[in-house]
Amino acid sequence: MKYVLVSGGVVSGLGKGVTASSIGVVLKAYPYLNTDAGTMSPFEHGEVFVLDDGGEVDLDLGNYERFLDVTLTRNNNITTGKIYQSVIDNERRGNYLGKTVQVIPHITDAIRDWIIAVAGIPVDGKEGPADVCVIELGGTVGDIESMPFIESLRQLSYSVGPENFCLVHVSLVPVIGVVGEQKTKPTQHSVRELRALGLTPHLLACRSSQPLLENTKEKLSQFCHVPESNILNIYDVSNIWHVPLLLRDQKAHEAIMKQLNILSFSKTPDLEEWTVRAACYDNLTTPIKIAMVGKYTGLSDSYLSVLKALLHACVACSLKLSVEWVAASDLEDEAAKERPDIHASAWKVLKGAAGVLVPGGFGDRGVQGKILAAKYARENRIPYLGICLGMQIAVIEFARSVLGLEDANSAEFDPETQHPCVIFMPEGSKTYMGSTMRLGSRTTLFRTADCVTAKLYGNVSSVDERHRHRYEVNPIMVEDLEKADLMFVGRDESGNRMEIMELVGHPFYVGVQFHPEFKSRPGKPSAVFLGLILAASGQLDSYLNNVGVQNATAPSPT
C-alpha cells in the first residue's frame, strides 16, 4: 500500500479536504482517512455529515463522497476520541499486560494500526484493496491536538519507506499591502515546523488569490527544499470543480506518482466530465431563487450538503442557483414587534422566492417561523421541500390550519401538547445525545407509484436514504391527516414510520424524514431536490411526462 498524506499549515480553512479529494480524482485513489461528530455545534464545525453505516463525521468526508462517488464508512474518520477510547478499551481488557499506557507508543501505534487496517478496505464497490490511500491530517501543523497523529504518521512514513509515502502540504501565500507582493514567509515557517516534527513535504499545494509568480515559486523552492516542479498552485477559481483540472494541468499526478515510484503507470487523467461540468456551471445565467428558512443562516457550512444538493439539481436544469437566506426567527410575530425592519425584510425575501426549503435541525428556536414559512408555501402554492424537521414542521402546520388542532405540536417543543403530531422514537435515548438517533441508510417503501416522488426516483418500489433523527410523525394521527389529502406516500418497512409526505393538489409540497442531500452527487442530483428546482422553474410536469420515468438520476429537462 502506498500513502499520500495531505497536511495543512499557516491557517485553517485552506481547503485540505477539497485538495485531498481532487488528488483522488486525478489519481483515482481510494480510500480516504480523515469520534462521532454528532454533538458538535454547526456554528463551530459546520454540518455533521452522515454515512450509510450511521457514522456522524466531519463535512470533509462529504467532499470525498461527492467528488469520487464512493461510499465511505465511519472507520474512514479517525479522531482523537476514537483512538483514546480504543486504547482505554484495550487497557481494560488487559491487552497491554499491565504496562504503563502512554501517548508513545500506545496512542501512536493505535493510530498507525487503524490507518493500515482501513487503507486495505475498498470503498468503490470493487474487490481488493486500493493501490494508493489518501490521508487528510486535520487541523493545522503546530496544533497541540494533532501532535500524536503527526508522530504516528512520521513513524508510518519511516516504516513503509520513502517510495511508499508522499506528503503534500497545503499552505497559504497571502498578498499583503497595496504593492500586491506574494509573501512566502508563512509557508516557509510552516514547512520548517513540519520538518522539525520529522516530516518533509514532497509537494507544496499553495493557496492564493491569484496564480503564483515565477519568482514566488523559485523562492518557495529554495527555502522549502521542494523542487519547483512540485510546487502546485491552487488559486481561487469560480467553482471547486476546477480544482482537479488545476492539478491535472500542473501534472500533480505525475509528481505524486514519481515520488511513489509508480510513474510508469501514469497516464493523463480522463477529466472530460469534470471539464464539461465546470464550464457548464460557469456559463449558467438564468437564476432561480430558493428561500432557505433555517436556524444557522449565518454559516453556510452548517447546510453544506443541502447547498451542494441544490447546486447539483440546478446544474442539471441549466439554472443558476440563488439561495436567499431567511432566519426563521425573523419571520415570527415577535420579530415584528422587536425588529420590524428585519421582519419585513425576511418576509419580502420569502415572498420573492420561487421555492422554499426548510432543512433539518434540532431545538425550538425559530420553529414558529418555519411553521409560518410552510403555511405560506402551502397556501400560495409555492414549491416546498421539508427535510427531516422541515417535514415535521409541515405536518404540524397542516394539523393546526387544516384539521383545526390549534395546539398541535411536536413533543420535542411541547411535551404537554394534547395533539402530538411528532413524537419521540421509542428506541431513542433522552439522556445521551451522541449516536443515539436513528442513523444511517434505511429503506423507504413507496405505497403507490402514482405520486410525484416515486416518479422522480424513477418509479422504483423503494429507495435507500440516510437518516438522522430522534423524532417522527405520530402514526396515530396519520389517518386524519390523509383524509385531508396530506398523504404519506413513503413509509419504512414496518409501515409505521412516515418517510415521505405529499400534499394532493399542490404543485410540489413534499416532506421527507430522511436527508437526501447526503447522497446527492454532481451529475446525479437527489430526486427530491431535483423536483423542487423543476417545480420552482415550471418544468416539473413536462419532466415527469417526458423524461422523468426514463432517467430520473441523470436528468436533462427541457
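**Close-up A. L389 and its contacts in the predicted model.** Leaving aside neighbours within four places in sequence, L389 is in contact with P359, G360, G361, K370 and F413. The model shown here, as in every view below, is a predicted one. You'll find L389 in helix 16, which covers residues 389–401. With a relative accessible area of 2%, L389 is buried, because anything under 20% falls in that class. Look for H469 here too: 80 residues separate L389 and H469 along the chain, yet their C-alpha atoms are 8.4 Å apart.

**Close-up B. The largest nonpolar core.** This core has 47 residues, and V4, I23, L27, V168 and I256 are the ones that touch the most other members. Helix 1 (residues 16–27) gives the largest share of the core, six residues. Zoom in on I256 and, setting aside residues up to four places away in sequence, you'll see that I256 touches V4, I23, L27, C166, V168 and L203.

**Close-up D. A nonpolar patch on the surface.** Here Y84, I88, V103 and I104 come together as a nonpolar surface patch, with about 340 Å² of accessible area between them. Helix 4 (80–92) and helix 5 (103–119) are the elements that give two or more residues to the patch. Pick out I104, which sits in helix 5. At 49% relative accessibility, I104 counts as partly exposed, because the exposed class takes over 50%.

Technical notes. Residues are numbered from 1 along each chain as its sequence is written. This is a predicted model: local features need pLDDT of at least 70, side-chain atom pairs count only at pLDDT 80 or more; totals for chains, interfaces and linings use all residues. Side-chain values use heavy atoms; hydrogens and water are left out. Patches are made of residues with over 30% relative accessible area and no salt bridge: like charges are joined within 9 Å, nonpolar side chains (Val, Leu, Ile, Met, Phe, Trp, Tyr) within 5 Å. Accessible areas come from the Shrake-Rupley method with a 1.4 Å probe; for residues, only the protein chains shown count as cover. A salt bridge is a side-chain nitrogen of Lys or Arg within 4 Å of a carboxyl oxygen of Asp or Glu. Helices (H or I, at least four residues) and strands (E, at least two) are DSSP runs, numbered from the N terminus. Buried means under 20% relative accessible area, exposed over 50%, partly exposed in between (1.4 Å probe, protein chains only). A nonpolar core is a set of buried Ala, Val, Leu, Ile, Met, Phe, Trp, Tyr and Cys residues joined through side-chain atoms within 4.5 Å. Contact means heavy atoms within 4.5 Å.
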